[in-house]
Amino acid sequence: MFKSAGVKTLFMTPFCLWAGIFIFVPLLCMIWYGLTNDDEIFTPANLTLAFEPPYFKALLLSIGLALVSTIICLLLAYPLCLILTDKARDLSTAVSLLFILPLWMNSLLLTMAWQTILEKNGIINQVLRYFNLPDVALINTPTAIIIGMVYNFLPYMVLPLYVSLSKIDKRIIEAARDLGASYMQTFWKVILPLSLPGAAGGMTMVFIPALTTFVISALLGGGKLLLIGNVIEQEFIAGYNWHWGAGLSMVLMIFILINMAVTIFFDNSHEEVEEK
Amino acid sequence: MESKKFFALCILIFTLALTGCGLSAEEEKSDNVVYVYSWGDYLDPEVLEKFEEETGIRVILDEYDTNETMYPRVAEGAVHYDVICPSDYMVQKMIANNLLQPLNFDFLPNAKEYIGEDFFRQSQSFDSENEYSVPYCWGTVGIMYDKTRVEEFPNSWTILWEEKYKDEILMQDSARDALMIPLKIMGKSMNETDKTALKLARDMLIKQKPIVQAYVVDEVKDKLISGEAKMGVVFSGEALMIMLENPNYDFVVPREGTNFWIDSWVITRDAENVENAHKFIDFMCRPDIAVINFDYLGYSTPNIAVQDLEEDEEIRESPVAFPNPEVYSGQETYKYLGNDMDRYYNNLWLQVKVE
């Protein structure tokens with residue numbers, strides 16, 4: 001039934017319509033706003049704006065914090081996924097459930113919970129005071145934003161990494177061990193290269209939302225640390241300057257495209273390895 | 001067999017479409033409605049119920065959290081509203097952009113009788129002939145401070161620059177409200193358009209940034225009640241709420257001056273239910289209704305009959321709840337400074353925030 005071209009088209013239509021109306025048309029609107037000024041004259045000024053001092057500073061801070069949290073997510077997720085794929089099944093379902101569980105809750109609530117944990121009179125400091133230890137100033141610092149990003153986006157790193165690690169044929173690892181490779185050699189030469197696509201996918205899925213977030217920085221940064229997402233939000237809402245906001249969003253999209261290109265590159269090189 | 005199923009499906013879809021149409025037609029028939037677009041949580045739900053009961057007019061309420069989110073929705077004509085409740089400078093901007101219509105005060109007897117003269121006079125700074133707006137809430141901006149932890153009496157904005165309160169100060173996160181404070185310290189108008197003065201104000205805010213704990217909007221209430229900071233810049237209506245929750249706090253309007261803000265009811269130019277809109281605004285000005293809203297909100301009301309109707313003595317006598325408008329008669333109200341100046345203010349504020 002599904003083989004007939006007509007039926008295929010029929011089933012594709014809703015998605016194509018959806019994508020057209022809710023992805024393609026808004027994107028065109030954004031590009032239109034991004035490339036014009038108030039008098040509807042074409043200009044690249046909104047794009048170069050991103051490289052002027054206040055905006056560029058916010059952009060650099062966003063890229064920096066997003067990179068740091070992506071790397072932390074990777075370092076946390078990799079060992080966990082190795083353990084999950086290695087050990088008995090019953091444990092792995094429980095642990096992966098624990099990781100997926102936070103995804104069922106609204107990320108705004110999760111971030112607000114972190115606010116009460118990190119605050120000056122928050123949970124961490126109250127525990128420290130109980131033991132007569134000095135307070136730590138965490139809220140409204142870059143550290144707080146990174147904690148929020150890692151917490152919110154870690155599941156997006158774990159899932160693709162887990163999938164790609166569990167896809168590795170156990171016999172390949174056994175063969176490597178059988179041919180005299182030490183555990184470390186097996187890891188570096190077999191497991192790591194085969195898991196790269198998962199790692200690359202996970203890094204994209206963490207880096208992009210971390211780069212564009214404005215909620216986490218607003219709640220945990222106390223408005224003192226401005227990420228590019230906050231600047232765009234401010235241009236659209238407080239500034240009522242959709243042209244600048246759209247221009248900045250387009251610049252941000254360039255960075256996202258670069259990131260995706262890197263991922264695709266990793267995916268392809270992996271396929272070549274397999275073909276060999 | 002196959003064609004029968006298809007036929008059944010067609011009938012099903014057809015009936016669904018019909019009932020759908022029937023519903024929407026019915027909805028359009030009861031056109032006795034008024035579309036209200038107001039600040040979030042700015043009306044007691046009980047008041048809306050009473051209005052619907054008494055007049056038979058259905059209220060369809062949408063809410064916004066800043067003037068700036070409201071403006072594009074109305075200006076771009078995305079949604080039609082009849083009644084809106086913008087702040088002072090936004091009323092002026094909407095008048096300037098031809099988005100409002102003059103009110104007919106013959107249909108607003110309660111507004112004429114119970115809304116204080118002082119407020120109409122103050123409104124003239126943004127609605128020069130008092131043609132377009134009826135004041136709903138008003139207030140000032142000042143410093144809320146913890147009496148037990150701040151030794152001096154902070155009757156000057158300059159206390160917000162004192163090194164010893166490092167990490168204990170909460171500031172407002174909006175361009176106009178933030179720049180207002182250094183401008184007032186310099187003795188300038190908060191509607192300043194001289195760029196040199198504005199840049200100086202920006203530099204003062206940058207200098208202050210290391211000792212500020214956070215730039216906040218609505219969170220200021222929670223943070224002060226829980227004692228996160230010793231002082232913060234708050235609106236007088238919020239101040240009353242904080243004091244009722246945590247009696248350690250007191251509110252003071254610094255001597256350099258403050259923002260005398262007014263949120264007013266206006267009717268849009270494209271309003272389809274003009275008569276109902278007038279009825280709604282007039283209903284809000286009725287003293288027994290105004291007192292319900294006041295108890296719910298805590299923001300000062302321009303309605304002169306409310307103080308006598310207020311039952312709670314502590315609130316009735318509170319100068320924070322019922323400030324004497326004459327004390328503030330010399331104070332300024334925000335004006336709309338034009339699109340370019342708006343952007344200039346926003347850009348200066350951005351420079352402070354990325355620093």
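Accessible areas come from the Shrake-Rupley method with a 1.4 Å probe, and for residues only the protein chains shown count as cover.

The model is predicted: local features need pLDDT of at least 70 and side-chain atom pairs count only at pLDDT 80 or more, while totals for chains, interfaces and linings use all residues. Residues are numbered from 1 along each chain as its sequence is written, chains are lettered from A and ligands numbered from 1 in the order in which they are written, and side-chain values use heavy atoms, with hydrogens and water left out.

**View 1. Chain B as a whole.**
Chain B has 15 helices and ten strands. Helices (H or I, at least four residues) and strands (E, at least two) are DSSP runs, numbered from the N terminus. The C-alpha trace spans about 85 × 55 × 40 Å along its principal axes. Of the 355 residues of chain B, 55% count as buried. Buried means under 20% relative accessible area, exposed means over 50%, and partly exposed lies in between (1.4 Å probe, protein chains only). Among contacts (heavy atoms within 4.5 Å) in chain B between residues at least 6 apart in sequence, 73% join residues at least 24 apart.

**View 2. A patch of negative charge on chain B.**
Asp295(B), Glu311(B), Asp312(B), Glu313(B) and Glu314(B) gather in this surface patch. Patches are made of residues with over 30% relative accessible area and no salt bridge; like charges are joined within 9 Å, and nonpolar side chains (Val, Leu, Ile, Met, Phe, Trp, Tyr) within 5 Å. A salt bridge is a side-chain nitrogen of Lys or Arg within 4 Å of a carboxyl oxygen of Asp or Glu. Glu311(B) sits in the loop between α13 (306-309) and α14 (313-316) of chain B. Glu311(B) counts as exposed because its relative accessible area is 74%. Chain B carries 32 positive and 65 negative charges, with mean positions 7 Å apart. Lys and Arg count as positive and Asp and Glu as negative, leaving out His and the chain ends; the place of a charge is NZ of Lys, CZ of Arg, CG of Asp or CD of Glu.

**View 3. Helix α3 of chain B and the residue after it.**
Helix α3 covers residues 67-75, and its buried residues include Asn67(B), Met70(B), Tyr71(B), Pro72(B) and Val74(B). Just after α3(B), Gly77(B) takes a positive phi of about 65 degrees.

**View 4. Glu275(B) in helix α11.**
Helix α11 (residues 274-285) of chain B holds Glu275(B). With a relative accessible area of 53%, Glu275(B) is exposed. Glu275(B) and Asn104(B) are 171 residues apart in sequence, and their C-alpha atoms are 9.5 Å apart in space.

**View 5. A nonpolar surface patch on chain A.**
Leu97(A), Leu98(A), Leu101(A), Leu103(A), Trp104(A), Tyr156(A), Leu159(A) and Met205(A) form the patch, with about 750 Å² of accessible area together. Helices α4 (89-100) and α7 (142-166) of chain A are the elements that give two or more residues to the patch. Leu98(A) lies in helix α4 and counts as exposed because its relative accessibility is 58%. Chain A has twelve helices and zero strands. Of its 276 residues, 43% count as buried.
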